[in-house]
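Student: I am new to this structure. Could you show me how to read it?

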Amino acid sequence: SHRETNTSAAAPAQTASQADARHVLHPWADLSGLGEQTSLIISQAKGVRVRDSAGKTYLDAIGGMWCMTLGYGREELAEAMADQARRMAYYTPFGDLSSEPAARLAERLSQLAPGDLNRVHFTTCGSTAVESAIRIAHYHFAAQGKPAKRHVLSRINAYHGGTYLTQSLSGKDADRTLFQYEADFVHHLSSPGHDPDRSNVSAAEKLQTLLEEMETEILRIGADNIACFIAEPILASGGVLTPPEGYQKATFEMCRKHDILYISDEVVTGFGRLGHFFASEARFGIQPDMIITAKGLTSGYQPLGAVMISDRITDALAKAAPKDKPVFSNGFTYSGHPVACAVALANIEIMEQEDICGHVRDVGPYFIERLRELRDNPIVYTVRGDHLMACVECWTGQDAGPNAANMALAQKVDAYCQDAGLLVRPYENLCIMSPPLIIDRTDIDRIVATLSDALAKAQADLAAGNI
Ligand code: PMP
C-alpha cells in the first residue's frame, strides 16, 4: 500500500523545526543558511503576543507582516470564518457567479473608500491586486484605442509584491539578485523618502527636485505612452520612507495633467495603520483612480486583496470593451474567497465598533515620539515613522546605509530583542515595526524599553570590537 512504500513515514519523526529546515524554502530566505538555519516556529498567539514552539512569549512589534491589525485570537473573527466555512466554504467568483460575503464586502469597501471608488475587483493578496491594477490600467487605455499608453511609473525603494511584474515594479536592486525581469515598460523615479533629521536639503527643495524629475521623465517617455503611476503613500518595506509634505498631492495633480492613472498602493497604509481606513484622501488629500488593499483588510486572518476602482474607469472599461469579446479576463480561483470576505466584514465591524482608527490616531503619535528617544544611542542613525509604522536605522557611526557592518549591528539588536521577548523585523540595517493596531501605551513603553536595552548591548559589543 501507499503507507508501506512511503519511506518518510518510517523515518524517525522530525521536529517541526527540522522539517522546516529540511523542506521549506521560505519567502526571502537567507540562502547561506539553507538546510541548517532553524526557524522560530510560532505556534500560538493572543492579542499582541505570540508564543514559540518552546513556550517562549514575545511581544510582536512586527504585527505578523504589517497585517495583524486587530491582534491574535479574536473570537469574533474566528467565528465569522467558521460560520462561513460551514455554510459555504467556496464557490467560484468567475463571470456572473458570486457569494454573499464578497458582494457585501464590496458594498462596505465602496462606502469606506474615497470619491467614486465604488467598484471592487477582489484578488488573493497584495501582489495579485497590484498586478490586476496594472492590467486594468492597460485594458483601460487599450480599449480607448491607446495601446501605446502602457508604461508604468514607479519609484526606487518601492515594494509592490513578490510576483514577476510586481517585483519589476518594486525598486530595490538588492531584491533582484539572479532573478530576471521583464520590465521594459516600468520606470523608476527616485526614492521620495525625506528624513528631516538626516538631510541637508529642506522638504520643499526635495519636493521640487522630485517633481522636476517626474515631469522630465514623463516628457521623455511621452505622456501618450504612460498608463499609470503606482505609489505607496509612505513606502513601507523600502524602509518606512515618508515623502516630503505635499508630494502625494502634487504627483497626483501631475498625473491628472498628463492623463496618467494614479494607483495608490495602500496594502500597508490602509486599514488603520495611519489612523484611517484609507490614508490617500484622509491624510494626503487625493482621490486615486485605484486603491490597492490587502493585509489589514482581514486583519491577516485570511489572505485577501482588492483593487478599488473608480466609476470613471469602470464605466470607460464597460463602454469601450469590444462587442465581440467583452470579457475582463483577469482573476483567480480564490478571488474574493467567501471565508476571507466574511472575516473582512467582521474585521470592519469590529474596527468601527472599537474605533480602532481613533485609537491609532491617539497612540500612533505617542509610539513615534517614544521611539524617537532612542536617537540618543550613538548606533541609531535615525528613527522615522508615522503612527504605527516605524523603523530604527542603525549604523556603526562610519557610513550610513545598508552596508555589511551596519547590517551586522542591526542583526545584533534584533537578536538581543528576541532574547528579551520582543520581535522586531530585521531588514538590512533597519528594525522595522508595525505592531497590531490594538497596542496600548504600556506595551509601547515595553517595546521602547526593550529596544533601548538591546541597542545599548549592541553598542557595547561594537565598542568592545565584538561586531
Ligand atoms: N504592496 C505593498 C505596499 C506591500 O507592502 C506588500 C507586501 N508587503 C505588497 C504590495 C504585496 O502583498 P502580498 O505579500 O500580500 O502579495
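Tutor: Start with helix axes. An axis is a line fitted to C-alpha atoms, for helices over the stretch in contact, and angles run from 0 to 180 degrees between N-to-C directions. Keep in mind that this is a predicted model.

Student: At roughly what angle do the axes of helix H6 and helix H13 cross?

Tutor: Helix H6 covers residues 100-112, and helix H13 covers residues 338-353. Their axes cross at roughly 40° and come within 8 Å. That angle makes H6 oblique to H13. The crossing is left-handed.

Student: Which residues make the contact?

Tutor: From H6, they are Pro101, Ala102, Arg104, Leu105 and Arg108. H13 brings Pro338, Cys341, Ala342, Ala344, Leu345 and Ile348. By class, the contact of H6 with H13 has 9 nonpolar and 2 charged residues, and no polar ones.

Student: Now the sheet. How do I read one?

Tutor: Strands of a sheet pair through backbone hydrogen bonds, either parallel or antiparallel. Here, an open sheet of 4 strands runs in the order S1-S2-S3-S13, with mixed pairing.

Student: Which strands stand at the edges?

Tutor: Strand S1 (42-46) and strand S13 (422-423) do. Each has a single partner strand, so one side of each is left without a neighbour in the sheet. S1 pairs with strand S2 (residues 49-52) in the antiparallel sense, over 4 bridges. Ile42, for instance, has Asp52 in S2 as its bridge partner.

Student: And the ligand: which residues come nearest?

Tutor: There are 15 residues around the ligand, and Cys125, Gly126, Ser127, Gly161 and Val267 come nearest. Helix H7 (residues 126-143) gives the most to this shell, with 3 residues. The shell divides into 7 nonpolar, 6 polar and 2 charged residues.

Terms used: Residues are numbered from 1 along each chain as its sequence is written. This is a predicted model: local features need pLDDT of at least 70, side-chain atom pairs count only at pLDDT 80 or more; totals for chains, interfaces and linings use all residues. A residue is near a molecule or strand if its C-beta atom, placed from the backbone, lies within 6 Å of it. Helices (H or I, at least four residues) and strands (E, at least two) are DSSP runs, numbered from the N terminus. Ala, Val, Leu, Ile, Met, Phe, Trp, Tyr, Cys and Pro count as nonpolar, Asp, Glu, Lys and Arg as charged, and the others, Gly among them, as polar. Two strands pair if DSSP finds at least two bridges between them. Angles under 35 degrees count as roughly parallel, over 145 as roughly antiparallel, 65 to 115 as roughly perpendicular and the rest as oblique. A crossing is left-handed if the near helix is turned anticlockwise from the far one by less than a right angle, and right-handed if clockwise. Two residues are in contact if their C-beta atoms, placed from the backbone, lie within 7 Å.
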